Amino acid sequence: MPHKEESTEFTPDRYPPFPDEPQFPTVELQTISLKKLEDHDEVEINRAFEAFKGRGFVYLELAGTENGDTILHGADEVARAAEKTFAMPLEEKVKYKPTNKELFGYKNVGATKADTTGTPDTAEFFNVSKNDMIVADDKMRRAWPPVVMQNKPLFAKYSRASHATGLMILDILADKLGVPREEIRSRHVLEDHAGDHIRFTRGPPRKSLEMPEIQTPSHTDFGTITILMNWLGGLQVWSESSRKIGALEPDVPGEWLWVKPKRGCAIVNLGDAAVKFTNGVLCSGRHRVVPSPREQGTFPRYSIVYFVRPTDHSMMTTLKGHSIPAPDENEPQGVDAKQWIYQQAMGLGSNHLGE
Ligand SMILES: O=C(O)CCC(=O)C(=O)O
Ligand SMILES: [Fe+2]
């Protein structure tokens with residue numbers, strides 16, 4: 001007897017294209033080749049540096065390198081595991097709520113506010129800790145659902161490839177900024193505990209044509225660098241870049257521009273820690289997620305995100321480098337990354353984190 005199809009919701013082969021209409025203005029992002037970066041191509045390196053100082057978002061063409069291929073092909077497999085994770089009954093999922101001032105585990109629909117009036121978001125997340133996936137089962141710090149445990153080798157491989165890719169890009173930025181690579185690497189040691197995770201996101205199909213819902217509210221990512229794989233439109237970036245950390249609403253005039261998913265590419269963006277470490281030289285682009293446009297919106301929307309974050313005990317202080325302005329003399333000392341990221345998350349109105 002033929003097997004019943006396992007994947008019923010995550011069906012990228014069936015997605016219609018992003019609509020080519022003026023009503024959906026898209027952002028022009030630079031497409032950077034990971035292979036060329038790995039081959040030390042000067043032109044590509046300069047384009048990447050300018051993009052990360054400018055908008056803080058690029059498309060990263062993945063094919064042709066070991067890590068790139070792992071991310072490109074792994075993301076579909078991770079999304080299929082994500083579908084199974086979200087298919088668990090709600091009462092099971094809520095057993096995996098974040099604890100211990102960490103963001104790992106399940107975030108239910110409506111757990112964060114989408115605007116200053118308190119409208120709830122509509123996306124659910126499941127955040128799988130990198131550190132737990134790369135160690136033996138008896139060394140893990142949290143319990144994970146069976147579907148996550150069954151896919152642990154996949155998540156370990158995906159985490160390692162994403163983390164290495166993030167660090168390779170950070171090496172390039174370090175060189176350009178005159179910071180010894182080791183200064184950044186030592187704040188992102190793979191085996192050291194960090195808030196790094198693979199996030200599965202699921203947004204429901206659009207409810208109405210007017211698209212009033214917000215799946216994920218306006219935010220900047222908290223960590224150092226983010227590697228995002230998505231298949232349907234919905235992600236939007238604010239047209240003007242700003243280096244201010246933490247506000248819920250955009251703080252400079254502009255408009256939301258759609259980021260068209262690009263086949264074969266990840267979307268890579270910097271987070272607030274990169275801004276903090278470089279005293280505002282690098283940009284953490286403001287973004288949000290709304291329901292997919294037109295026909296795309298009839299499908300549930302999945303995305304797979306890897307967040308590279310500073311290790312828990314790294315201090316959130318400005319790095320020294322020839323292209324980094326020295327911080328104010330009264331730069332607060334003494335906040336480590338774990339505490340800092342928790343504060344950023346609370347500042348975004350995350351009321352699901354507890355203590
Ligand atoms: O789903 C997406 O395309 C983006 C998700 C995102 O911005 C996030 O999880 O921080
Ligand atoms: Fe984000």
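1. Two strands are said to pair if DSSP finds at least two bridges between them. Helices (H or I, at least four residues) and strands (E, at least two) are DSSP runs, numbered from the N terminus. On these terms, β5 and β12 pair in the antiparallel sense over seven bridges, and G203 stands opposite R301 in β12.

2. The model is predicted: local features need pLDDT of at least 70 and side-chain atom pairs count only at pLDDT 80 or more, while totals for chains, interfaces and linings use all residues. Residues are numbered from 1 along each chain as its sequence is written, and chains are lettered from A and ligands numbered from 1 in the order in which they are written.

3. The protein chain has 10 helices and 12 strands.

4. An open sheet of eight strands runs in the order β1-β2-β10-β7-β12-β5-β4-β3, with mixed pairing. β1 (31–33) and β3 (105–107) stand at the edges with a single partner strand each, so one side of each has no neighbour in the sheet. On average, neighbouring strands are turned by 25° against each other, direction ignored.

5. Helix α3 (residues 66–86) packs on this sheet, touching β4 (124–129), β5, β7, β10 (265–270) and β12. Its direction makes about 115° with that of β12. Helix α7 likewise touches β4, β5, β7, β10 and β12, and its direction makes about 125° with that of β7. Contact requires C-beta atoms, placed from the backbone, within 7 Å; axes are lines fitted to C-alpha atoms, for helices over the stretch in contact, and angles run from 0 to 180 degrees between N-to-C directions.

6. Helix α2 (residues 42–53) packs against α7 (residues 152–177) at about 85°, with the axes 10 Å apart. The two helices are therefore roughly perpendicular (65 to 115 degrees). The contact is made by I45, A48, F49 and F52 of α2 and by I169, I172, L173 and K176 of α7.

7. Which residues are around ligand 1? They are R199, T201, T216, D221, L228, N230, L235, H287, V289, S303 and V305, each with its C-beta atom, placed from the backbone, within 6 Å of the ligand. β5 (197–203), β7 (225–230), β11 (287–289) and β12 (301–308) each give two or more residues to this shell.

Conventions:
Angles under 35 degrees count as roughly parallel, over 145 as roughly antiparallel, 65 to 115 as roughly perpendicular and the rest as oblique. Two residues are in contact if their C-beta atoms, placed from the backbone, lie within 7 Å.
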